[in-house]
Amino acid sequence: MMELKKGIGLYSKLPCINEQLYINEGTIPATADTGLYYHPGSYIPRHEWRHLQPAESKLLVSDTATETDFSKSIYVGEIPENLKTSFATLGLDQVKELDKVYPTLKENESIVKQITEELETFLRPMSGSRNYKFHRITRAMPNRETITCHYIEEQFVYIGLHIDQSKRFTAQTAYKSGNRISINLSKENRWLAFINLSMRQVVNMLREKMDVSEVNPDNIAYYFFKHYPDYPTIKIEIKPYQYYIAPTDNFFHDATTLGNKEIDVTIVYTGVFDKVSLNN
C-alpha cells in the first residue's frame, strides 16, 4: 500500500468523526463479479477496511474550518433538530421502494414547502455569495458497491470511483467548480468513498508515469487507478441526518450502500458552500 499524502482535507465538529473514518489498500477494476454492469475501465475500492492510524488521521482530519479552502476540502456535519423533525414527518426514511419516493413528496406538498424554507434558512449562512440551488433527491438501491450509474440503452451502467462533471473544466481548473451538500435522509448509514487527492495532485502524479497531454476529465480516473492501484481509498460513514459538503468535481469519489437493507435517499444542493465553520 502506498502512504497517504496530504491533499483533500476533512473537517468536522462531530465528536466521533475518527470512528466514522476507514482506510483500505487501494482499488481494483470493477468486474461482473460485483453483480452490477460497470463501464469498461471503472475501478472500485478494495474491501479490506480499517480505522486510520494517528499519523494518517493527522494528514486528513482537522476540527477547525476557519481557514479552510473548500475547493479542496470535505466538511461533515449534522442538520439542526427542526429539519430532522420535518424530514421525519415527511417520512422518506420509511419508503421501501425507489418509485415511491417522488409520490411521497407530491402527497406531502405542505411539509415539502416547510422543509424547503427551513433548508433555505440552514443553507444561506453557508454560502458567502448565496450561490447555490436545489439539485435533486437521489435514490439508490441498498447493498451496492458504488451507486453512481447512467441509464444507457435500457441498462444501468455503473461508473465506479469518478469525478462529477457539473460544468466544463480541465483537470487543472476542476478546483473552480464549486461544491455540493448531500444530506442522508435514509434510515441507515451510507458511505462516501474517496481518494484524498485534488485533480492537480493527480495530474502531477500521472506526469511521473505518462504523457499527460491526453489526460482529460473523462479518462483521468482510469489512468490514475491504472497507474496507482495501491493508493488508499478513504471511506466515511454518513449517518442518518448527517451531511457532507464536498468539491465533487475535484476528487475521485462515490457513495456506497454495501451491507444496507433499505433504499438510500439523499437531498443534494449544488453551488458554492464556503462558510460552514459558522454552522454545526
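Which residues cover the two faces of β12, and are they buried or exposed? In this predicted model, Ile234, Ile236 and Ile238 sit on one side of the strand, Lys235 and Glu237 sit on the other, and all of them are buried. So both faces of β12 are covered. The strand runs over residues 234-238, and because five of its five residues are buried, β12 counts as largely enclosed by the rest of the structure. Here, buried means that under 20% of the relative accessible area is left.

What pairs with β12? One partner is β2, a strand made of residues 21-23, which joins β12 in the antiparallel sense over three bridges. In this pairing, leucine 21 stands opposite isoleucine 236, and Ile236 belongs to the face of β12 that also holds Ile234 and Ile238. Another partner is β11, residues 190-194, again antiparallel to β12, with five bridges between the two strands. There, phenylalanine 194 lines up opposite isoleucine 234 of β12.

Turning to another part of the fold, an open sheet is built from seven strands with mixed pairing. Reading across the sheet, the order goes β5-β1-β6-β13-β10-β15-β7. At the edges lie β5 (61-62) and β7 (132-140), each of which pairs on one side only.

How do β1 and β6 pair, in the parallel or the antiparallel sense? Strand β1 covers residues 9-12 and β6 covers residues 73-78, and the two run in the parallel sense, linked over four bridges. Within this pair, glycine 9 is found opposite serine 73 of β6.

Conventions. Residues are numbered from 1 along each chain as its sequence is written. This is a predicted model: local features need pLDDT of at least 70, side-chain atom pairs count only at pLDDT 80 or more; totals for chains, interfaces and linings use all residues. Side-chain values use heavy atoms; hydrogens and water are left out. Two strands pair if DSSP finds at least two bridges between them. Buried means under 20% relative accessible area, exposed over 50%, partly exposed in between (1.4 Å probe, protein chains only).
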